[in-house]
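These are my notebook entries on one protein model. I set out the terms as I needed them and recorded what I looked up under each heading.

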Amino acid sequence: MTQALAPPAIERATSCNVITEAILIIAVSAALWLAPAVLDDYGLQIGFRVLVYLSLAEGWNLLTGYTGLVSLGTSCFVGLGAYVAFGLLNHAGLGLPLALAISAAAGAALAGIVAPALFRLRGLYFTVGTLALAELVRLLVVNLPMFGGATGLVLQEDPPPLPDLFHYALTIALIASLTIFATTRSRASVILRSIRDDEDAAAQVGVRPYRVKLAAFALASALGSAAGALQGVKLGAIEPYGMFSLQWSIDALSMVLIGGVGLRLGPIVGVSFVVALGEALADYPEAHIAITGVILIVILRFAPRGLVGLARRLIGAA
Amino acid sequence: MPALSDVASTLVSGLLLGGILGLTALGLSIVLGVMRLVNLAHGALLVLGAYVGFYFVGFTGIDPLLGLPVIALALAALAIPIYRFLLAPLAGRGSEAQMMTMFSVSIILENVFVLAFSADTRSIEIAYATYPLQLGPISVPLIYAIGFVISAALILAVHLLVSRTAFGRDLRASAADPEAAASVGVDVGRVQRLTFALGAACAGVGGGLIGMAFQFSPSSGGPYLLNSLAVVVLGGLGNVMGSFVGGVTLGFLQSLGGLTLGDGYRDLVGMALFLAVLAFRPDGFLSRGRGV
């Protein structure tokens with residue numbers, strides 16, 4: 001039996017708050033669309049980072065919080081997305097929106113290819129498998145000459161201006177939020193959680209664990225690849241050690257665990273916290289990561305449902 | 001086409017280094033078997049062992065090989081509070097929480113290494129390390145052979161500990177069924193604590209040997225963690241002598257991969273093998289891991 005990182009959430013979806021949530025997501029996105037008019041460059045940079053991280057975190061939360069698959073393979077899909085996008089932009093002459101969409105599809109396709117091997121592994125072993133997959137793909141990209149080896153690839157055209165990048169990031173994050181909204185506020189959420197809580201029992205009552213896990217894995221991977229593709233385009237030049245860095249996986253998991261795994265508001269709260277912490281400690285990158293580790297340990301021990309869970313408990317107790 | 005003697009020397013070197021891999025994998029394997037914990041800090045503990053060796057030898061000036069017991073004790077002494085204060089409180093909360101905690105420990109350690117020791121690449125100086133050992137046409141650095149012998153001896157010692165002693169009996173019982181073991185009077189907490197310490201000591205000694213044979217840096221842990229996992233898969237979980245066989249096999253295949261495809265592919269061989277074994281023959285890995 002796969003024990004989830006946190007005890008099951010009690011989140012009742014009433015039709016009233018489902019509609020409220022949908023309206024809220026769209027209203028916030030619409031308001032943010034106008035942000036480039038009022039924000040300066042620094043604000044847009046931070047906003048871009050929050051939106052890219054949010055796309056990763058929403059995917060990781062779907063995979064881990066709702067389906068029970070703890071992944072350390074986020075970096076693999078981030079890097080894949082960036083390399084696919086660069087290939088399409090440099091050699092196929094496609095526009096950025098199409099390149100982003102194909103990168104996302106490539107992420108989902110890789111998830112589909114490796115799923116037969118990874119899904120044989122339950123619990124811990126799935127996690128280890130994703131870690132090995134990320135390392136394998138990174139080593140392949142470093143070693144195969146077509147990917148530019150350790151020096152990487154350079155985007156031949158200039159990256160779009162920052163306000164446009166911000167809009168692309170907002171679009172991906174909106175798609176991420178709506179996807180997670182659709183899967184967690186519907187019958188699908190019950191199916192996902194039944195697999196998280198007891199895969200064998202779920203299979204006996206007619207859930208097909210393999211298909212459901214694959215769908216969640218492919219969705220999360222597509223989001224990761226789209227986010228990675230956009231991040232790569234923003235950088236204008238990519239190399240394997242950065243784009244396939246384990247740091248992407250650390251970021252995704254720490255943001256969700258800190259915010260609240262399996263909770264709807266977990267990712268955005270965690271992303272905001274981690275980005276703010278990163279800004280505060282921008283001059284001390286090593287201390288920043290070490291402190292993130294300490295926070296993770298404390299959260300895992302004392303607040304298994306993250307900051308959102310903690311806040312709920314405090315409000316409930318008051 | 002390199003000379004035949006060079007090819008043979010490379011392959012023998014691979015076999016010998018595989019022995020050290022077997023030792024580091026053993027630490028991972030027993031912790032996995034007894035605690036159902038994939039210790040994601042295993043690579044960082046290995047690098048810590050190398051740093052302990054580096055500084056101990058630097059301060060005392062003694063023969064690095066004599067520093068190995070010190071490394072083992074230091075790592076075991078560190079592991080016990082990690083178990084007591086970080087892992088034990090999470091018992092009963094599922095294995096993911098413990099695994100994520102050890103992952104956090106690993107990112108803390110890696111960045112503390114950079115802050116404390118800088119990101120420089122180092123190695124433990126040992127006067128006779130590169131002294132070539134000649135066996136007919138085959139020539140390998142002496143330190144590879146020393147590392148192999150020490151690793152093999154330690155693996156054998158752990159094998160005897162697990163199969164012949166009262167502690168080993170408790171350990172096997174705790175691995176097979178912790179609740180049943182506890183109900184017949186085995187102190188499972190103590191077994192887990194000591195197993196975790198033993199695992200860390202194996203990582204540390206392996207790290208010390210790796211630090212003598214190669215170079216290491218704060219971020220060296222990741223590849224060794226993954227290679228150790230590959231060895232565990234190859235050798236079979238919880239199988240002490242299997243770790244040795246798996247390590248030697250992986251070492252040999254890595255050398256073969258490096259020879260035929262190029263040096264950059266050494267680590268790739270380990271990962272590819274790891275995923276292939278998982279995909280096609282997961283039994284070795286899963287037979288005891290099921291139901292986690």
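I call a residue buried under 20% relative accessible area, exposed over 50%, and partly exposed in between, with a 1.4 Å probe and protein chains only. The model is predicted, so I kept the source's limits: local features need pLDDT of at least 70, side-chain atom pairs count only at pLDDT 80 or more, and totals for chains, interfaces and linings use all residues. Residues are numbered from 1 along each chain as its sequence is written, chains are lettered from A in the order in which they are written, and side-chain values use heavy atoms, with hydrogens and water left out.

**Entry 1: A:Pro209**

I located A:Pro209 in helix H10 (residues 209-235) of chain A; helices are DSSP runs (H or I, at least four residues), numbered from the N terminus. Contact means heavy atoms within 4.5 Å. Leaving aside neighbours within four places in sequence, I found A:Pro209 in contact with A:Ile195, A:Glu199 and A:Ala203. I also noted that 35 Å separates the C-alpha atoms of A:Pro209 and A:Leu96, which are 113 residues apart along the chain.

**Entry 2: A:Asn61**

I then turned to A:Asn61, which is placed in helix H3 (residues 41-66) of chain A. A:Asn61 has a relative accessible area of 1% and is therefore buried. Beyond four places in sequence, the contacts of A:Asn61 include A:Tyr66, A:Val256, A:Gly260 and A:Pro267.

**Entry 3: aromatic pairs**

For this entry, rings of Phe, Tyr and Trp (its six-membered ring) pair if their centres lie within 6.5 Å; planes under 30 degrees apart are stacked, over 60 edge-to-face, and the rest tilted. I recorded 19 aromatic pairs over all chains by this rule. The pair A:Tyr83 and A:Phe244 is tilted, because the planes stand at 35°, with the ring centres 5.7 Å apart. This pair links distant parts of the chain, 161 residues apart: A:Tyr83 is in helix H4 (residues 74-92) and A:Phe244 in the loop between helix H11 (240-243) and H12 of chain A. A:Tyr83 is buried at 7% relative accessibility, and A:Phe244 is buried at 3%.

A:Phe119 and A:Phe217 form a tilted pair, 5.7 Å centre to centre with 55° between the planes. A:Phe119 lies in the loop between H5 and H6 of chain A, and A:Phe217 lies in helix H10, 98 residues apart. I noted A:Phe119 as buried at 8% relative accessibility and A:Phe217 as buried at 1%.

**Entry 4: chain A against chain B**

How many residues does each chain bring to the contact? I noted 42 residues from chain A and 46 residues from chain B. The buried area (accessible area, 1.4 Å probe, lost on putting the two parts together, summed over both) is about 3900 Å², with 76% from carbon and sulfur atoms. Helices H5 (96-118), H6 (124-143), H12 (246-259) and H14 (285-302) of chain A each supply at least two residues of the side that touches chain B. H6(A) gives the largest share, 13 residues. I counted zero salt bridges between the chains, a salt bridge being a side-chain nitrogen of Lys or Arg within 4 Å of a carboxyl oxygen of Asp or Glu.
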